[in-house]
Amino acid sequence: MQGPVITWVADHRRHHAFSDKEGDPHSPWLFGTGVRALARGFWHSHMGWLFDRDLTNAERFAPDLLADRDIDRVSRLFALWSVLTLLAPALIGGLVTWSWWGALTAFFWAGLVRVSLLHHVTWSINSICHMWGERPFAARAHSANVWWLAILSFGESWHNLHHADPTCARHGVEEGQIDLSAAVINGFEKAGWATSVRWPTSRRLEKLSKAA
Ligand SMILES: [Zn+2]
Ligand SMILES: [Zn+2]
């Protein structure tokens with residue numbers, strides 16, 4: 001429920017274009033580096049930015065998706081997906097237990113709680129992963145790797161590498177870094193649904209590494 005997909009992509013590309021500088025829709029660093037400024041920045045990057053009137057121009061940042069009829073249709077049906085993601089668990093819970101109580105508890109846990117938890121994980125990428133963590137790679141932004149968000153965020157929290165190499169299909173490139181999204185992309189590639197996937201190479205990683 002994080003907005004129509006084209007809006008999401010446009011915001012996200014703008015985030016990469018202006019990472020932690022003026023123009024970034026959700027940087028924690030826009031108000032200064034003092035304690036108060038960073039507290040304000042944390043709130044802004046986590047969810048405050050969603051209430052801004054600062055809309056991203058999709059025609060500038062996502063013209064390829066606007067031109068894609070299928071994606072455009074998916075994007076326009078955002079309200080329908082939002083209703084379904086809340087009602088489908090309720091329906092399943094009701095049918096499985098054959099009770100209104102089952103429908104209600106499934107709606108609460110698998111609908112409301114699941115959606116709000118995942119929202120906070122995604123927002124943590126914008127807030128926590130741009131403030132604290134490890135920065136083994138050279139990226140322009142303050143992006144950092146946060147290991148304890150790796151599983152919940154499907155690998156997105158290896159955010160330092162993501163900003164160092166945004167088109168790389170794997171963010172968790174170091175040993176032991178779990179990246180579930182990369183596993184999904186890998187599966188899609190094997191099934192023939194994803195092509196021209198860019199996987200990390202040791203040569204490129206060496207170039208991006210700060211230690212090099
Ligand atoms: Zn970022
Ligand atoms: Zn990104």
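**Close-up views of a predicted model**

**View 1. Lining of the second largest pocket.** In this predicted model, the second largest pocket is lined by Val5, Trp8, Val9, His12, Arg13, His16, Asp64, Leu65, Asp68 and Ile71. The volume of the second largest pocket is about 350 Å³. Helices α1 (5–17) and α4 (63–66) each contribute at least two residues to the lining of this pocket. Six lining residues come from α1, the largest share. By residue class, the lining of the second largest pocket comprises five nonpolar, two polar and three charged residues.

**View 2. The aromatic pair Phe42 and Trp132.** Three aromatic pairs are present in the structure. In the pair shown here, the ring centres of Phe42 and Trp132 are 6.2 Å apart and the ring planes meet at 45°. Phe42 belongs to helix α2 (residues 35–46), whereas Trp132 sits in the loop between α7 (100–126) and α8 (159–164). The two residues are 90 residues apart, and the pair thus links distant parts of the chain. Phe42 has a relative accessible area of 28% and is partly exposed.

**View 3. The aromatic pair Phe108 and Trp109.** The rings of Phe108 and Trp109 form an edge-to-face pair, with 5.0 Å from centre to centre and 85° between the planes. Phe108 has a relative accessibility of 40%, so this residue counts as partly exposed. Trp109 has a relative accessible area of 57%; this residue is exposed because the value is over 50%.

**View 4. The largest nonpolar core.** Seven residues make up the largest nonpolar core: Phe137, Leu161, Ala164, Cys168, Val173, Leu205 and Leu208. Helices α8 and α10 (202–208) are the elements that give two or more residues to this core.

**View 5. Surroundings of Ala164.** Ala164 is one of the residues of the largest nonpolar core. With neighbours within four places in sequence left aside, the contacts of Ala164 are Phe137, Ala138, Ala139 and Leu208. Phe137 and Leu208 are also among the residues of the largest nonpolar core.

Notes: Residues numbered from 1 in each chain as written. Chains lettered and ligands numbered in written order. Predicted model: local features only at pLDDT ≥ 70, side-chain atom pairs only at ≥ 80, totals over all residues. Heavy atoms only, no water. Phe/Tyr/Trp six-rings, centres within 6.5 Å; stacked < 30°, edge-to-face > 60°. Helix = DSSP H or I, 4+ residues; strand = E, 2+ residues; numbered from the N terminus. Buried < 20%, exposed > 50% of the residue type's maximum accessible area, 1.4 Å probe, protein only. Core = buried A, V, L, I, M, F, W, Y, C linked by side-chain atoms within 4.5 Å. Contact = heavy atoms within 4.5 Å. 1 Å grid on protein atoms, 1.4 Å probe; cavity = no way out; pocket = protein on both sides within 12 Å on 5 of 7 lines; lining within 4 Å. Points joined across faces, edges and corners; volume = space filled by probe spheres on them. Nonpolar A, V, L, I, M, F, W, Y, C, P; charged D, E, K, R; others polar.
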